[in-house]
Amino acid sequence: MLNNIIAIVVISFTIVGTLWGVSNIINHPEGTTIKNVSGILLVAQSNAFNKTNPDIYASVNVPKKLVVVNKDFVRHDLIVDRLKINTAYLSSEQDFTTAIASKKPGIFEYYCSLHPTTMRGKIIVK
């Protein structure tokens with residue numbers, strides 16, 4: 001009887017492990033190459049950017065590097081309509097690099113189109 005239980009446990013672990021391994025091979029994300037970012041890094045995770053949707057500050061006529069990386073299991077994007085920034089949908093571990101650039105001062109809203117109520121913040125250009 002004990003041998004039968006051990007055999008069932010071993011077979012179950014073998015099947016689950018095989019399915020997990022095959023799933024990771026088929027659906028393996030490319031992975032981000034982001035290590036050190038000079039400029040601004042926004043991490044999309046848990047339906048927020050950098051946990052708090054921070055205000056971002058930039059200067060008029062001085063482009064500022066912006067890197068957006070998705071560290072979540074669901075897709076996200078970042079859109080700033082008035083600055084014409086649109087990352088498109090980012091899958092898990094994908095990143096997008098752009099620049100914040102404006103010839104005029106102002107407050108520009110950024111958001112995720114898939115989660116607009118929880119993922120929203122401001123870019124302040126002075």
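1. Strands here are DSSP runs of E with at least two residues, numbered from the N terminus, and two strands pair if DSSP finds at least two bridges between them. β1 and β4 run parallel and are joined by 5 bridges.

2. A note on conventions: residues are numbered from 1 along each chain as its sequence is written, and side-chain values use heavy atoms, with hydrogens and water left out. Because the model is predicted, local features need pLDDT of at least 70 and side-chain atom pairs count only at pLDDT 80 or more, while totals for chains, interfaces and linings use all residues.

3. The open sheet holds 4 strands in the order β2-β1-β4-β7, with mixed pairing. Its edge strands, each pairing on one side only, are β2 (48–49) and β7 (95–100).

4. On the β2 side, β1 pairs in the antiparallel sense over 2 bridges. Ala44 has Phe49 as its bridge partner in β2, and Gln45 stands opposite Ala48. The two strands form a hairpin with 2 residues between them, and Ser46 in the turn has a positive phi of about 55°.

5. Ile40, Leu42 and Ala44 make up the covered face, whereas Leu41, Val43 and Gln45 make up the uncovered one.

6. The largest nonpolar core has 20 residues, and Leu42, Phe49, Leu78, Val80, Ile100, Tyr110 and Ile123 touch the most other members. Such a core is a set of buried Ala, Val, Leu, Ile, Met, Phe, Trp, Tyr and Cys residues joined through side-chain atoms within 4.5 Å; buried means under 20% relative accessible area, with a 1.4 Å probe and protein chains only. Two or more residues come from each of β1 (40–45), β3 (56–58), β4 (64–70), β8 (106–111) and β9 (120–125). The largest share, 3 residues, is that of β1.

7. Leaving aside neighbours within four places in sequence, Leu78 is in contact (heavy atoms within 4.5 Å) with several residues, among them Leu42, Phe49, Val68 and Tyr110.

8. The whole structure contains 1 aromatic pair. The ring centres of Phe49 and Tyr110 are 5.6 Å apart and the planes stand at 70°, so the pair is edge-to-face. Rings of Phe, Tyr and Trp (its six-membered ring) pair if their centres lie within 6.5 Å, and planes over 60 degrees apart count as edge-to-face. Phe49 lies in β2 and Tyr110 in β8, so the pair ties together parts that are 61 residues apart in sequence. Both residues, Phe49 and Tyr110, are buried.

Technical notes:
Buried means under 20% relative accessible area, exposed over 50%, partly exposed in between (1.4 Å probe, protein chains only). Rings of Phe, Tyr and Trp (its six-membered ring) pair if their centres lie within 6.5 Å; planes under 30 degrees apart count as stacked, over 60 as edge-to-face and the rest as tilted.
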